[in-house]
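Try each task before reading its solution.

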Amino acid sequence: MQVQVHTDNHVNGSAGLTSHVEDVVSAALSRFGNRVTRVEVHIGDENGHKGGNHDKRCAMEARLSHLQPIAVTATAPSVDAAIHAAAEKLLRTLSKSLDKKYDAKGRTSTAEFAAVQQVEEDVEEFALED
């Protein structure tokens with residue numbers, strides 16, 4: 001997974017920040033493996049030099065193979081808190097979207113149901129033989 005970090009002119013876009021963002025995003029999205037091909041992270045300060053509560057913004061856009069991009073935004077009092085909040089929100093959104101896409105209405109497909117039923121029958125048959 002490729003992670004691209006962009007900052008506005010009010011946030012210092014250092015190598016340390018980039019490394020931290022890459023670590024947070026990789027840890028949060030590791031369960032998706034190679035399905036997530038790229039994540040773009042945009043970090044900004046909405047009020048600039050004026051300050052204020054919840055004025056740090058982190059937007060993340062995940063690019064998935066064969067699916068539309070998914071974007072989330074989080075605001076927080078600090079850049080680090082905004083990064084973590086956005087990563088958690090992206091994890092929840094990706095999980096929900098992929099579950100909807102590949103597990104329609106929480107139902108098991110007919111093929112999966114038949115395979116599970118066959119395994120259960122084989123286990124019962126094996127237990128009866130003993």
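**Exercise 1.** Is Glu61 buried, partly exposed or exposed?

*Solution.* In this predicted model, start with the relative accessible area of Glu61, which is 23%. Buried would require under 20% and exposed over 50%, so Glu61 counts as partly exposed. Next, look at its partner: the side chains of Glu61 and Arg63 form a salt bridge, 2.9 Å from N to O. Arg63 is also partly exposed, at 29% relative accessible area.

**Exercise 2.** Classify the two partners of the salt bridge between Arg38 and Glu40 by accessibility.

*Solution.* First, the distance: the closest N and O atoms of this pair are 3.1 Å apart. Second, Arg38 has a relative accessible area of 25%, so Arg38 is partly exposed. Third, Glu40 has 14%, so Glu40 is buried. The count of salt bridges comes to 5.

**Exercise 3.** Describe where Ala76 sits and what it touches.

*Solution.* Begin with the strand: Ala76 belongs to β4, residues 70-76. Its relative accessibility is 5%, so Ala76 counts as buried. Leaving out residues up to four places away in sequence, Ala76 touches His54, Asp55, Lys56, Ala81 and Ala82. Finally, compare chain and space: Arg57 is 19 residues from Ala76 along the chain, with 6.7 Å between their C-alpha atoms.

Conventions. Residues are numbered from 1 along each chain as its sequence is written. This is a predicted model: local features need pLDDT of at least 70, side-chain atom pairs count only at pLDDT 80 or more; totals for chains, interfaces and linings use all residues. Side-chain values use heavy atoms; hydrogens and water are left out. Helices (H or I, at least four residues) and strands (E, at least two) are DSSP runs, numbered from the N terminus. Buried means under 20% relative accessible area, exposed over 50%, partly exposed in between (1.4 Å probe, protein chains only). Contact means heavy atoms within 4.5 Å. A salt bridge is a side-chain nitrogen of Lys or Arg within 4 Å of a carboxyl oxygen of Asp or Glu.
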